[in-house]
Amino acid sequence: MADTVRSLLAQTVRPAEIIVVDDCSTDTTGDVARASGVRVIRPPRNTGSKAGAQNFALAQVKTPWVMAIDADTTLAPDAIEKLVASFEDPEVVAACGLVLPRHVRSIWERGRYIEYLFAFTFYKQVQDYYQKPLISSGCFSMYRTHALQGCGGWPTRTLAEDMDLTWTFYELGHRVRFVPEAVCYPIEPHDFQYMGKQLKRWSHGFVQNLIVHWRDVLHVPYLRSAVAVAVWDAAVASLVYLLLVPVFAIYFKMPWLLLGYAIDAPAILVPVLAGAQPRREVRKALASFPAFFILRTVNAVFFIRALWCEIIAGRSFRVYEKGH
C-alpha cells in the first residue's frame, strides 16, 4: 500500500486526489494509507468485492478522469502521463498499460512473468491495432468519469469486473486503448495457494462474462473474433493439452506426440524475447521460460473446471477471494 501511494506521488503527472478504500479491513490498511497523507474512506460494511469497493469511491469522484489501481501495484514514473495522452481522442473512454510482475522469484511468479510478456507484447498489441483490447486491466486503468458513471460503474455481476466493464464499453460503441509505454508492477501470487485463488476467480469470471455478454459480443466487430480465439485457447486447446495428447501418446504407443507440449515454444519465445530485450531482461526471460508451461497446465485445469461448474453443473462461483 505505501509503495503504491509513493509511486503515485512520484508521477510526472500527479493525480489531483488519491482515494484509498478501506473495505472494512481487519489489518492496518487504513492506518498505513492515512500515514501516507491520502484520503481514506471506509464503507459501513464490507462491499464483498473489488468492484463494490471501487464503486463506493466512484460516487465521490469529481474529476473528468478517474484511475483505478490495485493496492499492491506500483507505477513507472511516467505511467499516468502516458495514459493521459490516449484521451486526446474523444471516443476513448478507457486506457490501460503494460503489466509486469514486481517480483520474479518463485516458479509461479516466473510463469506469470512470461505469460504477461507474451500477452502484452503480442496479443494485446494486435488487439489494440483493431481498437479492441480484450480487457482494460483492473490493476491499472484510467477512465472518463462520465462514461464510467454512465454505465453504472464497475459491474458486480461477475468476478471479472474489468473484463465485464471493457465489453460493456464496446457494446455501447466506446473505444478502449492499450498503451504499452505505461507500465505497472503488481505483486503476483508467489505460491500455489494464492495462485489457485486468483486462477479460480479469473477462470470463473471469464466464463461468467461469456454467459452475460455472448449475444452482444457477436455484434461487435473484431471483439467476437478475439473472444472466440480466447475461448478456443482456454477451452479446446486446454482439452487437447490435458487429455488428447497424453491419451494418444499412450494408446498409439507414440511417445513423440508428447513433444506437442513444447511444439509452440518457439512461437511463444520470440515475442517474449522481443518484449524482454528492450528491458535488458533476456536472461531473466530465458530462465523463467520453463515455468510458463507449468503455469499454462494449471491454467487449463482451472478453466476446464470453471466451464464445468458455471455451464454444465450450474454451480456458479460468486465469492470474491483475493489471490494475493
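# Exercises on a predicted model

A search of the whole structure finds 14 salt bridges (side-chain nitrogen of Lys or Arg within 4 Å of a carboxyl oxygen of Asp or Glu). This is a predicted model, in which local features need pLDDT of at least 70 and side-chain atom pairs count only at pLDDT 80 or more, while totals for chains, interfaces and linings use all residues. Residues are numbered from 1 along each chain as its sequence is written, and side-chain values use heavy atoms, leaving out hydrogens and water.

## Exercise 1: Salt bridges

**Task.** Describe the salt bridges R6 to D3, E115 to R112 and R157 to D164.

**Solution.**

Step 1. Start with R6 and D3. Their side chains meet in a salt bridge, N to O, at 2.4 Å. Both residues lie in helix α1 (residues 2-9), 3 residues apart, about one turn of the helix. Helices here are DSSP runs of H or I with at least four residues, strands are runs of E with at least two, and both are numbered from the N terminus.

Step 2. Check the cover on D3. D3 counts as partly exposed because its relative accessibility is 37%. The cut-offs are these: buried is under 20% relative accessible area, exposed is over 50%, and partly exposed is in between, with a 1.4 Å probe and protein chains only.

Step 3. Go to E115 and R112. Their closest N and O atoms are 2.7 Å apart. The two are separated by about one helical turn, because they sit 3 residues apart in helix α5 (residues 107-129). R112 has a relative accessible area of 0%, so R112 is buried.

Step 4. Take R157 and D164. The closest N and O atoms of this salt bridge are 3.0 Å apart. R157 is partly exposed, at 43% relative accessibility. D164 is buried, at 0%.

Step 5. Look for shared partners. Salt bridges that share partners join D3, R6 and R102 into one network.

## Exercise 2: A nonpolar patch and a helix crossing

**Task.** Which helix gives the most residues to the nonpolar patch, and how do the axes of α9 and α11 cross?

**Solution.**

Step 1. List the patch. On the surface, W232, V236, V240, L242, L243, L244, V247, F248, Y251, F252 and V301 form a nonpolar patch. Together they have about 1,000 Å² of accessible area (Shrake-Rupley method, 1.4 Å probe; for residues, only the protein chains shown count as cover). Patches are made of residues with over 30% relative accessible area and no salt bridge; like charges are joined within 9 Å, and nonpolar side chains (Val, Leu, Ile, Met, Phe, Trp, Tyr) within 5 Å.

Step 2. Find the main contributor. Helix α9 (residues 223-251) gives the most, with 9 residues. L244 lies in α9. At 38% relative accessibility, L244 is partly exposed.

Step 3. Now cross the helices. The axes of α9 and helix α11 (residues 282-312) come within 9 Å and cross at roughly 115°. Axes are lines fitted to C-alpha atoms, for helices over the stretch in contact, and angles run from 0 to 180 degrees between N-to-C directions.

Step 4. Name the residues that meet. From α9 come A234, A235, S238, L239, Y241 and L242; from α11 come F293, R296, T297, A300, V301, F303, I304 and L307. Contact means heavy atoms within 4.5 Å.

## Exercise 3: Inside the structure

**Task.** Why is helix α3 largely enclosed, and what does L98 touch?

**Solution.**

Step 1. Count the buried residues. Helix α3 (residues 50-58) is largely enclosed by the rest of the structure because 7 of its 9 residues are buried. The buried residues are K50, A51, G52, A53, Q54, A57 and L58.

Step 2. Find the cover. It includes β1 (19-21), β2 (39-41), β3 (65-69), α6 (145-150) and α7 (161-171).

Step 3. Move to L98 in strand β5 (residues 92-99). L98 is buried, with a relative accessible area of 14%. Leaving aside residues up to four places away in sequence, L98 touches F120, F178, V179, P180, A182, V183 and C184.

Step 4. Compare sequence and space. L98 and Y185 are 87 residues apart along the chain, and their C-alpha atoms are separated by 8.7 Å.

## Exercise 4: Loops

**Task.** Where do C24, Y222 and P255 lie?

**Solution.**

Step 1. C24 is in the loop between β1 and α2 (29-35). Its phi is positive, about 60°, although C24 is not a glycine.

Step 2. Y222 is in the loop between α8 (192-217) and α9. Y222 has a positive phi of about 65° and is not a glycine either. Most residues other than glycine have a negative phi.

Step 3. P255 lies in the loop between α9 and α10 (265-276). P255 is exposed, with a relative accessible area of 58%.
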